[in-house]
Amino acid sequence: MRKLLVVTLALVALIGTMAPGAFAQPAAAPPPLTFNINGFLDTITSASHNLRDANFTRVGDKEWYARNRGRINIEGRAGTAVFVWGIEIDTTWGQTSATDNNLSGQVAATNQQRAGASSGFDLNTDVQGSVETKWLFAEFDAPLIPFATRVRLGAQPYSVTYKICALACSDFAGLNLSTTWSSNVKSHITFAQIEEELTGPSTGGTGPTGFNRGDDFAFIASVEVTPFKGLDIRPIYSYAWFQGATSAAARQATSNGATLGAVGFGSRIAGCSPGSAAGCVGAATNEEHRHTLGIDTRWRSGPFSVEPTFLYQFGTRDTDNPFPGSATQLTREADISAFLFDVKTGWRIGPALIEFRYMYTTGNRPKDQLSREVNYYQPVTGDTGWWSDGWGNITALGIDYFNGAIRGLGNNISLDRYGRQQFALKGTYSFTPQLDAYALVTPVWTARSVDTDGTFAAGTINCRPSDCKGDSAYVGTEANIGTTWRFAPGLTFDLVGAYLFAGDALDTTEIVGGVANKRDAKDVYTVAARLRLSF
């Protein structure tokens, strides 16, 4: 019902702006058909130490591998109408498991592939199931409207903020409307279908007929205003609605904190408790109403640039009550209140570019009951892309974008429930228009101290019942040195080395032989090279 209401309001808004007499237009001659293919091919190799295991107190993981990513966009045009099919192929060099693909899903020790890849080039390279459809959409000018409006329908990329992945990034299935009201005012409306509640196959009355998903969606509206050349201002509003379990990209996994027991917090949100963590039989009734309101801006004047972003998040989220007093207290409603602030500045001095960036996002204390209050910021989807535009290779995705963004920093922005604060200073020197060298240093903290005395499991830290309090907020400091060489038309070579001086917030406690053992986090390093052919 909510989804229908959102789509209906969008259509009413369009119809309400129809130009008088627009229905009486003469038929136009068929436009010529044109086709185009564009994309890129990445060849990447990287080596890392202590990067792949989310528990940084263990230093056994070492890796050196190579892979390809092919991205091909096939476009068909008829006048201003465009059809786009975007396909992606992610394949490692060499077979990595019992099979060379994951057509049957990621099954450990059977056909599981390298994280991020869907296949591996085995002997003779006859690989099946490698082609993924990323985009499949139509884009055209809306008829009957006096203001220029572009409509995009289907599986498509997000484009809702200036700053990458601050609210939503990567791809979605749905609708996008972009209207130009004047030379300096544009509006954007995006509707994303996150999950679909469908009626499953008939069982003849012998069992449930519905699939186990909610009707989750997101609605995002923004207005771009350019008061004068160089300044862009973009107010943004987003409403996301989730029912029961949803995509991990939209709702991050967090530690239980003071909410203890056999049932995990994710299961409580999904409505799969109390009493058992066996899973939901049918679609759960727990709901989340997540509103995000804020502004994204950018200003450029000569050698200077400033790009501040502020987003405030509020709403409610149902969870199964971990401490029910009676049959009427099985559900508890938590208040959502969090914000994200990020600012990026730049100053170019001849061939040198000096950049500074700072971010802060709120978080929860270890003992906070997330069934009462949620104070960590959550994007609609981050797709591991936060700060991936050149601001790290360990704390963010970088040259090898299958590595880095540790502990969910790229997707969730916050580290677990604890929030995040980060500085970064970057210097780039252009020896020629084709050759750049750069250096980066970026320390990271959490907004709330992490309880490193708690036990570590699957990327989250659970409180120690007798001491559920924060111990450290310092995650570590990352340093990068790299170069970019555009040595021929369409060809770019990148090389980078990155090192993370691990902080105390990455320390963990493990239970060995029934005894709690506190372990110190060890440093992380990686070297990556990438050759990109763009066409």
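Author: Gladly; let's begin with contacts. Two residues are in contact when they have heavy atoms within 4.5 Å. In this predicted model, 64% of the contacts in the chain between residues at least 6 apart in sequence join residues at least 24 apart.

Reader: What ground rules apply to the numbers?

Author: Residues are numbered from 1 along each chain as its sequence is written, and side-chain values use heavy atoms, with hydrogens and water left out. Since the model is predicted, local features need pLDDT of at least 70 and side-chain atom pairs count only at pLDDT 80 or more, while totals for chains, interfaces and linings use all residues.

Reader: How many helices and strands does the chain have?

Author: Helices (H or I, at least four residues) and strands (E, at least two) are DSSP runs, numbered from the N terminus. Here there are 2 helices and 24 strands.

Reader: Which strands does E24 join?

Author: Strands pair if DSSP finds at least two bridges between them. Strand E1 (residues 33–49) runs antiparallel to strand E24 (residues 524–534), with 10 bridges between them. One place to look is Ile-44, whose bridge partner in E24 is Arg-530. Strand E21 (residues 491–502) is also antiparallel to E24 and is joined to it by 10 bridges. There, Leu-491 has Leu-533 of E24 as its bridge partner.

Reader: How much of the chain is buried?

Author: Buried means under 20% relative accessible area, exposed over 50%, and partly exposed in between (1.4 Å probe, protein chains only). Of the 535 residues in the chain, 47% are buried. For the surface, accessible areas come from the Shrake-Rupley method with a 1.4 Å probe, and for residues only the protein chains shown count as cover. The chain exposes about 24,500 Å², of which carbon and sulfur atoms supply 62%.

Reader: And how should I read aromatic pairs?

Author: A pair of aromatic rings is described by the distance of the centres and the angle of the planes. Rings of Phe, Tyr and Trp (its six-membered ring) pair if their centres lie within 6.5 Å; planes under 30 degrees apart count as stacked, over 60 as edge-to-face and the rest as tilted. The structure holds 21 such pairs. One of them, Phe-217 with Trp-241, is tilted, at 6.3 Å centre to centre and 35 degrees between the planes. Phe-217 belongs to strand E9 (residues 217–228) and Trp-241 to strand E10 (residues 231–243), so this pair ties together parts 24 residues apart in sequence. Phe-217 and Trp-241 are both buried. Tyr-401 and Phe-402 make an edge-to-face pair, with 5.7 Å between centres and 90 degrees between planes. Both Tyr-401 and Phe-402 are buried as well. Elsewhere, ring pairs link Phe-341, Phe-356, Tyr-358, Phe-423, Trp-445 and Tyr-474 into a cluster.

Reader: Which charged end sits over the ring of Tyr-401?

Author: A charge sits over a ring if NZ of Lys or CZ of Arg is within 6 Å of the ring centre and within 35 degrees of the ring normal. For Tyr-401 it is the charged end of Arg-67, 4.5 Å from the ring centre. Likewise, the charged end of Lys-426 sits over the ring of Trp-391, 5.9 Å from its centre.

Reader: What about salt bridges?

Author: Side chains of opposite charge can pair when their charged atoms come close. The cut-off is a side-chain nitrogen of Lys or Arg within 4 Å of a carboxyl oxygen of Asp or Glu. By this rule there are 25 salt bridges. Arg-69 and Glu-88 form one, with their closest N and O atoms 3.4 Å apart. Arg-69 is in strand E2 (residues 62–78) and Glu-88 in strand E3 (residues 81–93), so the pair ties together parts 19 residues apart in sequence.

Reader: Where do Asp-342 and Lys-163 lie?

Author: These two side chains meet in a salt bridge at 2.8 Å, N to O. Asp-342 lies in strand E13 (residues 331–349) and Lys-163 in the loop between strand E6 (148–157) and strand E7 (171–182), so distant parts of the chain, 179 residues apart, are linked.

Reader: Are Asp-342 and Lys-163 buried or exposed?

Author: Asp-342 counts as buried because its relative accessibility is 0%, and Lys-163 counts as buried at 2%. Both also belong to a network of salt bridges that includes Arg-300, Glu-307, Lys-344, Arg-357 and Asp-389.
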